[in-house]
Amino acid sequence: MPSPMTFADPRLTQLDGFRVEIDEASERADIVLDRPPYNIVSMPERDQLRLVFEALDADDRVRVIVVRAVGEHFSSGGNIKGFMEATPEHVSKLAWNIAAPARAAKPVIAANRGYCFGVGFELSLACDFRIVTDTTQYALPEQKLGQIPGSGGSARLQMMVGITRTKDIVMRSKRISAQQALDWGIATEKVADAELEAATDALVAELRAFSPIAQRTAKKLLNDTEDCPLSIAIELEGHCYSRLRQSHDFKEGVEAFHEKRKPAFTGL
């Protein structure tokens, strides 16, 4: 059963607007946004989220990280007042903090239902997998405030769906339905609202069955080559493939295949 997780870092003694649960049996950690009803993300919370991702990435008990929320909505966005009170230096760190899921070596799943706006959308875009439900709505509404997305939203979205669709979403503060997000390749999977938790559990179990070192390598390779020329991407892929051939997990995978059994991967 999941249990509350505590951290040695004094900056994480009192978490602001979220909690962290760890299920050692499932090798899973959940970051749970917990400021209902809309789970607004405060400025201090962004700093803490980065620190938590870094701590979980270094925790050997954790194979998969899940970001989810309490209630009907993932997050309606950031605390608007906080932007006016923050210093320019603090604001300049926003994108780095929210990119923490992408920097984590481990797989990160965003379980999105209801509103997923502003920083809630940007945080989800930085994750590896996004499971949506019939109620999910994505949006970057910053234009309504005379602003633009500031935590990687427009940049990540443009890489996923292209400049035309990104301009439509960003410049018109347009809401994207779950089905549209799936059709455009923003969402990984779409399920009924009542099935979100079960779908998340199933994806966690699926990811845990693979080699940890192969997953870490695949994630870093894909992130590093997302915007590089094809020739360089192929070259880097070859180097990664060559390195993995020397791993214990690759040897175990080949032996298990020939012996018609499930592999016992160790991450080495």
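Modeller: Start with contact, which means heavy atoms within 4.5 Å. Helices (H or I, at least four residues) and strands (E, at least two) are DSSP runs, numbered from the N terminus. This is a predicted model: local features need pLDDT of at least 70, side-chain atom pairs count only at pLDDT 80 or more, and totals for chains, interfaces and linings use all residues. Residues are numbered from 1 along each chain as its sequence is written, and side-chain values use heavy atoms, with hydrogens and water left out.

Biologist: Which residues of helix 11 and helix 12 meet?

Modeller: Helix 11 brings Ile213, Ala214, Thr217 and Leu221. Helix 12 brings Leu236, Glu237, Cys240, Arg243 and Leu244.

Biologist: What makes helix 11 roughly antiparallel to helix 12?

Modeller: Helix 11 (residues 212-224) and helix 12 (residues 230-244) pack at an angle of about 170°. Axes are lines fitted to C-alpha atoms, for helices over the stretch in contact, and angles run from 0 to 180 degrees between N-to-C directions. Angles under 35 degrees count as roughly parallel, over 145 as roughly antiparallel, 65 to 115 as roughly perpendicular and the rest as oblique. So helix 11 is roughly antiparallel to helix 12. Their axes are 11 Å apart.

Biologist: Why is Asn39 called buried?

Modeller: Buried means under 20% relative accessible area, exposed over 50%, partly exposed in between (1.4 Å probe, protein chains only). Asn39 has a relative accessible area of 1%, so it is buried. Asn39 lies in the loop between strand 3 and helix 1. Its phi is positive, about 50°, although Asn39 is not a glycine.

Biologist: What makes Glu27 partly exposed?

Modeller: Glu27 has a relative accessible area of 26%, so it is partly exposed. Glu27 sits in the loop between strand 2 (18-23) and strand 3. Phi of Glu27 is near 50°, a positive value in a residue other than glycine.

Biologist: Which peptide bond is cis?

Modeller: The bond from Pro36 to Pro37 is cis, with omega near 10°. Pro37 is in the loop between strand 3 (28-33) and helix 1 (43-57).

Biologist: What makes a nonpolar core?

Modeller: A nonpolar core is a set of buried Ala, Val, Leu, Ile, Met, Phe, Trp, Tyr and Cys residues joined through side-chain atoms within 4.5 Å. The largest one has 45 residues, and Val52, Leu56 and Ile186 have the most contacts inside it. Helix 1 gives the most to this core, with five residues. Apart from it lies another core, of eleven residues, among them Val64 and Val204.
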